[in-house]
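Biologist: I am new to this structure. Please take me through the terms as we go.

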Amino acid sequence: TKSSDEIENLIIKKRAFNKEFGYGYSIQIYYGDETNARELKSKFKVTYPKASLELNYDQPYWKVLTGNYKTKLEADKAMLHYSENFSGLIVIPLGK
């Protein structure tokens, strides 16, 4: 049927997108030097103790990331919540 073909085409497009961009989203809290990254990570952990945090080195800068959200909408909602206490947050797609 026509709707089955449309659904199949959407699935193919989604798989191609996932291959290129990966799965899900995260919130970047900080991107910069190591000292500030570690300090901000600690402050965030105190403010949001249940949040998962990740500290990554992407030469020459450090990233502090939180969350692993399935959709951009979920990540945007969480970012609004976190932006009450932290500024400069951005939602980023997760790599493969």
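Modeller: Start with burial. Buried means under 20% relative accessible area, exposed means over 50%, and partly exposed lies in between, with a 1.4 Å probe and protein chains only.

Biologist: Why is glutamine 28 called buried?

Modeller: Its relative accessibility is 11%. The limit is under 20%. Therefore glutamine 28 counts as buried.

Biologist: What kind of model is this, and how are residues numbered?

Modeller: This is a predicted model, with residues numbered from 1 along each chain as its sequence is written. Local features need pLDDT of at least 70 and side-chain atom pairs count only at pLDDT 80 or more, while totals for chains, interfaces and linings use all residues; side-chain values use heavy atoms, without hydrogens and water.

Biologist: Which elements make up the chain?

Modeller: Three helices and four strands. They run α-β-α-β-β-α-β from the N terminus on. Helices (H or I, at least four residues) and strands (E, at least two) are DSSP runs, numbered from the N terminus.

Biologist: What makes a set of residues a nonpolar core?

Modeller: The members are buried Ala, Val, Leu, Ile, Met, Phe, Trp, Tyr and Cys residues, joined through side-chain atoms within 4.5 Å. The largest nonpolar core here has 18 residues. Ile27, Phe44 and Tyr82 have the most contacts inside it. At least two core residues come from each of strand S1 (25-32), helix H2 (34-47), strand S3 (61-69) and helix H3 (72-82). S1 gives the most, with four residues.

Biologist: What does tyrosine 82 touch?

Modeller: Contact means heavy atoms within 4.5 Å. Not counting residues up to four places away in sequence, tyrosine 82 touches Ile27, Phe44, Tyr48, Ala51, Thr66, Tyr69 and Leu89.

Biologist: Why is threonine 66 called buried?

Modeller: Threonine 66 has a relative accessible area of 0%, so it is buried. This residue is found in strand S3. Its side chain reaches the backbone oxygen of serine 52 at 2.6 Å. A polar contact is a pair of N or O atoms within 3.5 Å; within protein, one must be able to donate a hydrogen and the other to accept it, and residues adjacent in sequence count only if both atoms are side-chain atoms.

Biologist: What caps the N-terminal end of H2?

Modeller: Aspartate 33 does, with a side-chain oxygen 3.3 Å from the backbone nitrogen of threonine 35.

Biologist: Which peptide bond is cis?

Modeller: A cis bond joins glutamine 59 and proline 60, with omega about 5°. Most peptide bonds are trans. Proline 60 lies in the loop between S2 and S3.

Biologist: Why is valine 91 called buried?

Modeller: Valine 91 has a relative accessible area of 17%, so it is buried. This residue lies in strand S4 (residues 90-93). Its contacts include Tyr25, Ile27 and Met79.

Biologist: Glycine 24 lies in a loop. Is it buried or exposed?

Modeller: Buried, because its relative accessible area is 17%. The loop runs between helix H1 (2-21) and S1. Among the residues that glycine 24 touches are Tyr69, Ile92 and Leu94.
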